[in-house]
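Thanks for coming. I will take a few parts of this structure in turn, and please keep the view open while I talk.

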Number of protein chains: 2
Amino acid sequence: MQRYFSNEALEVNQQIQLEKDDNHHIVRVMRGKVDDEVIIVDSTNIAYKAKIEIIEDNVANLRIINALENQQTELPIQVTIACGLSKNDKIDLIVQKATECGMNEFIPLALERDVVKWKGNKISNRIERLERISKEAAEQCHRNVIPEISHLSTIDTLQKEAGNYKHKLIAYEETAKKGQHGQLKETLKEVQAGDNLIIVFGSEGGLTELEVAKLKEVGYIECSLGPRILRAETAPIYALSAMSYHLEV
Amino acid sequence: MQRYFSNEALEVNQQIQLEKDDNHHIVRVMRGKVDDEVIIVDSTNIAYKAKIEIIEDNVANLRIINALENQQTELPIQVTIACGLSKNDKIDLIVQKATECGMNEFIPLALERDVVKWKGNKISNRIERLERISKEAAEQCHRNVIPEISHLSTIDTLQKEAGNYKHKLIAYEETAKKGQHGQLKETLKEVQAGDNLIIVFGSEGGLTELEVAKLKEVGYIECSLGPRILRAETAPIYALSAMSYHLEV
């Protein structure tokens, strides 16, 4: 059943209209008809079954039928993925796939070796684009939470905000090259349901030694994602898959 | 250091030239000069350091310097990924990412619900394209093995060849929907170094009940890849990341 997100807290029996893009989707793309059923996830992350009651002037009016049993599609920990700025199609791919794999928050990071810079207007355009991608991916993979796309950050911001995260990792190629592959598993053995975890990834150019040192100063730990050198866009998917495998499967 | 594959079994001190595409890459793309060093992996999966000795008429002649210590970039088990036919860009992505994540063999599968059909000439073109992608990805992620791209197969072929694989899994959405997520871990607990394992994935349309039943007849076991519905191109990456995490990290 098609899934949409609403910004409101919903109640059974309430009549609602979806936002403009979602309304277009239900009326034009899905060619919805009266009595068709969809799932609507509300602002409190509760999923409801809803039915199209009327379509007038290309606007669908839906009636909330009942709350669905919690389908447990969220990772038991809240994972923040902080990534250097890769080329646009790569960062789009990261956000789409990381949403499918259970990411809770995405932080775009301006790093020294990024090949791409976000400047001026481009910043808000890029963030809006990533928000759309994470919303669509969350609908598609049946999640009850849309991952938040954070503002553009730097290593200095991460340093200041280190206290916000219980577990802090850096996916660092140099650790992998030394053959030390155990840290990710060590960390995941320690996490408890409800914990939050942040993991930092370089873009194609990788992280500098100084950037890694700054993060280690505030409690970040280096970890390897296995012996093969993963591309910038593959590493976050690997990390989240490993977390899901450890915690959910 | 840039990595290339050779079809020959090499020896220290031997002089060699690379294949046409690789020679173009070293001379034109990398703008290689005399004394530049590269890594060449030979047909027996041994990695050698080599040096450019002469460049004549745009052809680089390389001298093999020494064998490199085994860098252990291969998964301890041989994993075959068998996938329904997704749209071209998706299947390209699967082969590239699965190569990075340690896949050993890729089998394109003609399934009932595939949105794409491979016919006539298209079959060999598509396979050659996937061979190029897996070779480039293997070079880029420092592997010593190029995953083999198998001929186009069917469920009936997999039935006949079931005896070739010790561990046989089906990534099946319906198992995930029932909330039964434990099978992948159960199987990975049983595997031993050197074993081979095949895992079958549907394309966007998924596998039919009949296809699943036919595979189960010959010993395939259904498994879930966690509670979220993964896209066709995400599922194989998740599975290989989980295997790497279980066996290598």
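This is a predicted model: local features need pLDDT of at least 70, side-chain atom pairs count only at pLDDT 80 or more; totals for chains, interfaces and linings use all residues.

Ile55(B) has Ala60(B) as its bridge partner in strand 5 of chain B. The pairing belongs to strand 4, residues 47-56, and strand 5 of chain B, which are joined antiparallel by 8 bridges. Between these two strands the hairpin has 2 residues, and Asp57(B) there takes a positive phi near 50°.

Strand 5 of chain B, residues 59-67, also pairs with strand 2, residues 15-16, of chain B. That pairing is antiparallel too, with 2 bridges. Here Gln15(B) stands opposite Arg63(B) of strand 5 of chain B.

Next, helix 6 of chain B, residues 183-190. Which of its residues are buried? They are Leu184(B), Lys185(B), Thr187(B) and Leu188(B). These residues lie on the same side of helix 6 of chain B, because the arc they cover around the axis is only 160°. As background, an α-helix has 3.6 residues a turn, so residues three or four places apart point the same way. On the other side of helix 6 of chain B, Lys189(B) and Glu190(B) are exposed.

What covers the buried residues of this helix? From chain B, the cover includes strand 9 (167-171), strand 10 (196-201), strand 11 (221-223) and helix 8 (235-248). Helix 8 (235-248) of chain A is also part of the cover.

That brings in the two chains together. Chain A superposes on chain B by a rotation of 180° with 0.0 Å of shift along the axis, at an RMSD of 0.1 Å. This is the relation of a two-fold axis. The C-alpha of chain A nearest that axis belongs to Ala242(A), at 2.6 Å. Of the interface residues of chain A, 100% are also interface residues in chain B, so the copies meet through the same surface.

Last, one residue in chain A. Leu85(A) sits in the loop between strand 6 (78-84) and helix 2 (88-100) of chain A. Is Leu85(A) buried or exposed? Leu85(A) counts as buried, because its relative accessibility is 2% and the cut-off for buried is under 20%. Leaving out residues up to four places away in sequence, Leu85(A) touches a list of residues including Ile91(A), Pro108(A), Leu109(A), Val116(A), Trp118(A), Leu152(A) and Glu204(A). Lys119(A) is 34 residues from Leu85(A) in sequence, and their C-alpha atoms are 12 Å apart in space.

That is where I will stop.

Terms used
Residues are numbered from 1 along each chain as its sequence is written. Chains are lettered from A and ligands numbered from 1 in the order in which they are written. Side-chain values use heavy atoms; hydrogens and water are left out. Buried means under 20% relative accessible area, exposed over 50%, partly exposed in between (1.4 Å probe, protein chains only). Helices (H or I, at least four residues) and strands (E, at least two) are DSSP runs, numbered from the N terminus. The arc is that of the directions from the helix axis to the C-beta atoms. Contact means heavy atoms within 4.5 Å. Copies are superposed by least squares on the C-alpha atoms of residues with pLDDT of at least 70 in both. Two strands pair if DSSP finds at least two bridges between them.
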